[in-house]
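Please read this briefing with the sequence and the model side by side.

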Amino acid sequence: MKNLFLIAYLDIRESLRSKWFYVYAVVFGGLMGLFFITGVSDSVVMGFTGLSRMMLIFIQVTIIILPIFILITTVKSISGDRESNVLEYMLSFPVSLRDYYWGKMLGRFITVFTPVFFALLLGVVFGLVHGGDMPWRMIGLYSLLLVSMSFVFLGIAFWLSTIVKSSDIALGGAFVIWITLLAFIDIALMGLMLQNRLDDNVIVTLAMLNPIEVFRIGAITLFDPELTVIGPVAYYLLDTLGSVWLMVYSVVYPVIVGVLFAFLGYTAFRRKDLL
Amino acid sequence: MALVQIENATKSFMGTRVLDEVSITMDAGDRIAMMGPNGAGKTTLVRAMLGFYRIESGSIRVGGFDPMKQRVKVLENVSFIPQTPPPVRLSLDELLRFVERSSGTEREAIIAEAARMDLDVQGHLRKPFFKLSGGMKQKLLIAIALSKKSDLLVFDEPTANLDPKGREQFYQLLTEIDSQTATLFITHRLDEIEALVNREITMDLGKVVNDARL
Ligand SMILES: Nc1ncnc2c1ncn2[C@@H]1O[C@H](COP(=O)(O)OP(=O)(O)OP(=O)(O)O)[C@@H](O)[C@H]1O
Ligand SMILES: [Mg+2]
């Protein structure tokens, strides 16, 4: 266990020295900050419903940026080290594969989530300074949704990073996964539904399996409980599950998928040749 | 019990046998020079000994342990210098911390060992390892490997980037290694270490073609 934290710590130190982290922190953290600052300050004036449009834009941005950022920065962590023989050297010291893999993952999770967390904190501080009621429930749930979405993509990225030998292929794979998931969010699904190409049940299942769509529906129900702004699939889900279960599902499902992929990656890491 | 016991180890990459029924026994105090043309399988053998590659058949034991199933036990007693210094992005300070914490090697010992090869570690602690010059990297890796308490030292061509003086200093340090420690040198320049070894193993096409005690 002590090596797990050592590996996590060193991974964080390494990330802090790299440029991608600062681009990520500025782009994403800045956006999040703006989101909460404008969201929170406006809410004092007009209440939540009037804000849907503004918030929607931010959520859409998060949906696109967060997964791809996590994927591209993480997918190289093991595959890149393997390719450059860094893995060979580091693992020639008595560190167990368990400590190494999970330590790397813990480190990445902290790196990826810290800017988001600080942005949230900034928003909260700003809201408190401005006075007025803080939408604590919304902030809490939105953070949870962000944690679980970060987690699922971290899991997928580690899995890819482990099973693939070259970091270029890992990167390509990450793009394919991202594009596929994005293509199957509500808009595309709605198109299929309208054309009657697929059975409605299939479409709903596809939506519920797609972590990006799940995040999207979860996040939007926070601000627009009637889901008037997004497609029929989301509406159908809200109708059948009810808002509480929909939220539970949106938080829990991505975590489960993330854990599953992380474990698949870990198994491959232990079973296959390391180099 | 032999320190390293390799029996009929076989490993293929993409259908080609890179290790072909290799059997070698190494004992405490063995000073082995391992030679052979490029692609003979030397690095692959070493990697299998360190638990990086799963062999298809045969068995490998290092210190009595299976390198795949008991990696940590094996690696606690092995010091390793890879063929090319890896572009580790950690600073020297962080790298030393990693070595200290994971293997219990003392930082002071590493710094002292490095100083004997004219490498000033203290002055570069905040520098990322990959920004050191090729020779400096190699010296640091050597200093780490020699400071770590091990029963087996594995050096995969450690002198490639060293200047003549660095090489001299390195060979001097090698003469001071505990006589019970086994060393496995992979090298293409036997003449340089001839005085330091007591056994020569030659590999070609994945097989041991010569194994002679001097
Ligand atoms: N990970 C790998 N995947 C596929 N082939 C590999 C891999 N590692 C080594 N090989 C192949 O195995 C053969 C032996 O390689 P190895 O690195 O063991 O040779 P070597 O004896 O160390 O050579 P050199 O003196 O050049 O260092 C080579 O043909 C190489 O291409
Ligand atoms: Mg080699």
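This is a predicted model: local features need pLDDT of at least 70, side-chain atom pairs count only at pLDDT 80 or more; totals for chains, interfaces and linings use all residues.

Residues are numbered from 1 along each chain as its sequence is written, chains are lettered from A and ligands numbered from 1 in the order in which they are written, and side-chain values use heavy atoms, with hydrogens and water left out.

**Ligand 1**

- Around ligand 1 there are 15 residues, of which B:Asn38, B:Lys42, B:Thr43, B:Thr44 and B:Gln83 come nearest; a residue counts as near if one of its heavy atoms lies within 4 Å.
- Among the polar contacts, which are pairs of N or O atoms within 3.5 Å, an N or O atom in the side chain of B:Asn38 is 2.8 Å from a ligand oxygen, and an N or O atom in the side chain of B:Thr43 is 2.7 Å from an oxygen of ligand 1.
- The backbone takes part through B:Gly41, where an N or O atom lies 2.9 Å from an oxygen atom of the ligand.
- On its own, ligand 1 has 640 Å² of accessible area, and the protein covers 67% of this, with areas taken from the Shrake-Rupley method and a 1.4 Å probe.
- Helix H1 (residues 42–49) of chain B gives the largest share of the shell, 3 residues, where helices are DSSP runs (H or I, at least four residues) and strands are E runs of at least two, numbered from the N terminus.
- The shell comprises 6 nonpolar, 7 polar and 2 charged residues, with Ala, Val, Leu, Ile, Met, Phe, Trp, Tyr, Cys and Pro counted as nonpolar, Asp, Glu, Lys and Arg as charged, and the others, Gly among them, as polar.

**Cavities**

- On a 1 Å grid over the protein atoms alone, a cavity is a set of points where a 1.4 Å probe fits but cannot get out, a pocket is an open set with protein on both sides within 12 Å along at least five of seven lines, and lining residues have an atom within 4 Å of a point.
- The lining of the largest cavity holds 7 nonpolar and 5 charged residues but no polar ones.

**Pockets**

- The largest pocket, of about 480 Å³, is lined by 21 residues, with A:Glu14, A:Ser18, A:Trp20, A:Arg108 and B:Arg89 nearest its centre.
- H4(A) gives the most to the lining of the largest pocket, 5 residues, and by class this lining has 5 nonpolar, 6 polar and 10 charged residues.
- The second largest pocket contains about 320 Å³ of space; of its 13 lining residues, A:Leu97, A:Arg270, B:Met68, B:Lys69 and B:Arg71 are the closest to its centre.
- H13(A) supplies the largest share of the lining of the second largest pocket, 4 residues.

**Chain A**

- Chain A has 13 helices and 0 strands.
- Of the 275 residues in chain A, 56% are buried, meaning under 20% relative accessible area (1.4 Å probe, protein chains only).

How values were computed. A polar contact is a pair of N or O atoms within 3.5 Å; within protein, one must be able to donate a hydrogen and the other to accept it, and residues adjacent in sequence count only if both atoms are side-chain atoms. Grid points are joined across faces, edges and corners, and a volume is the space filled by probe spheres set on the points. Buried means under 20% relative accessible area, exposed over 50%, partly exposed in between (1.4 Å probe, protein chains only).
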